[in-house]
Amino acid sequence: MNYYYDVLLNFDGDNVWNFYEWEESDFLLFVKRIPLFRISYDTMYDFLKYQIRLSDRFLEQIKNQTILKDVKEEENFYFILSDSKNSIAVKLDESGKVVSMSKLLIRDENNLNEFIYTLSEKKIDYEILSKKDYRHELRQFEQVKQSIYLELNTLFKEDNIHKLRYFYYEIFHKEECSVEQMYHELMDVIEFSKNNELFHLDYLIRLSYHQV
């Protein structure tokens with residue numbers, strides 16, 4: 001079996017963050033050794049686009065072959081896939097289902113893609129379970145949207161007319177008497193507005209907590 005050594009990974013459930021989206025608060029996993037497989041472009045496409053379950057034979061092949069730093073697991077099922085252009089680290093559960101994936105830091109991606117040419121492609125047996133919900137936006141946008149959503153919901157439930165009216169006027173430059181109408185139009189900013197309006201609303205919310 002082939003391995004890759006000394007790599008930093010970021011497994012975060014269903015989220016697969018690009019390296020430039022990683023944050024200090026993320027649980028980063030230091031891996032001393034992890035199985036490595038070269039696969040076809042089509043296989044990589046399936047892993048990125050679909051929920052996958054690997055065969056029992058493959059599960060036994062990689063079981064406990066990964067050496068983690070400062071983390072103890074009774075059983076582990078990790079490996080890295082590369083099609084010579086893209087690389088992804090994968091974590092399986094005991095049934096062989098993919099439970100999380102991690103992209104690599106750019107230096108590891110480059111080093112691995114140079115090395116992978118020396119390996120032969122491996123055919124991996126797997127089952128496609130369902131299509132993934134593809135994330136179209138950067139992590140920062142998703143966090144801002146979630147923050148605004150929680151704030152507006154709280155204000156609406158607490159009937160905080162003063163704050164809602166303030167945000168509404170600053171965004172739309174007009175007044176509205178209906179609390180429900182203000183709430184719904186501000187919520188529409190989350191899904192349908194341009195980025196400048198979204199970040200302006202986020203700024204207003206944060207500013208409102210610092211006003212004396």
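Where does aspartate 70 lie? Aspartate 70 lies in the loop between strand E4 (67-68) and E5.

## Model and confidence

This is a predicted model, in which local features need pLDDT of at least 70 and side-chain atom pairs count only at pLDDT 80 or more, while totals for chains, interfaces and linings use all residues. Residues are numbered from 1 along each chain as its sequence is written, and side-chain values use heavy atoms, with hydrogens and water left out.

The pLDDT is the predictor's confidence in each residue, from 0 to 100. Its average over the chain is 87, and 94% of the residues score at least 70. Among the elements of the chain, strand E5 (residues 78-82) has the highest mean pLDDT, 96, and helix H7 (residues 195-208) has the lowest, 79. Helices (H or I, at least four residues) and strands (E, at least two) are DSSP runs, numbered from the N terminus.

Two strands pair if DSSP finds at least two bridges between them. E5 and E6 run antiparallel and are joined by five bridges. Phenylalanine 79 has valine 90, in E6, as its bridge partner. E6 is also joined to strand E7 (residues 98-102), by four bridges, and these two strands run antiparallel. Here lysine 91 has serine 100 of E7 as its bridge partner, and alanine 89 has serine 102 of E7.

Buried means under 20% relative accessible area, exposed over 50%, and partly exposed in between (1.4 Å probe, protein chains only). Strand E6 (residues 87-92) is mostly covered, with five of its six residues buried. E7 is mostly covered as well, with four of its five residues buried.

## Residues with positive phi

Most residues other than glycine have a negative phi. Aspartate 70 is a residue other than glycine with a positive phi, near 65 degrees. Aspartate 70 counts as exposed because its relative accessibility is 73%.

Serine 84 is also a residue other than glycine with a positive phi, near 85 degrees. Serine 84 is in the loop between E5 and E6, and the hairpin of these strands has four residues between them. Serine 84 counts as buried because its relative accessibility is 6%. In the hairpin of E6 and E7, which has five residues between the strands, glycine 96 takes a positive phi near 95 degrees.

## Nonpolar cores

A nonpolar core is a set of buried Ala, Val, Leu, Ile, Met, Phe, Trp, Tyr and Cys residues joined through side-chain atoms within 4.5 Å. The largest has 19 residues, and those with the most contacts inside it include Ile148, Leu152, Leu164 and Phe167. Helix H4 (139-157), H5, helix H6 (179-192) and H7 are the elements that give two or more residues to this core. H6 supplies the largest share, seven residues. A second, separate core has 18 residues, among them Phe37, Met44, Phe77 and Val98.

Contact means heavy atoms within 4.5 Å. Leaving aside its neighbours within four places in sequence, leucine 152 is in contact with Leu164, Tyr183, Leu186, Met187 and Ile190.

## Lysine 163

Lysine 163 is a residue of helix H5 (residues 161-172). Is lysine 163 buried or exposed? Lysine 163 counts as buried because its relative accessibility is 16%. Apart from its neighbours within four places in sequence, lysine 163 is in contact with Glu151, Leu155, Ser208 and Tyr209.
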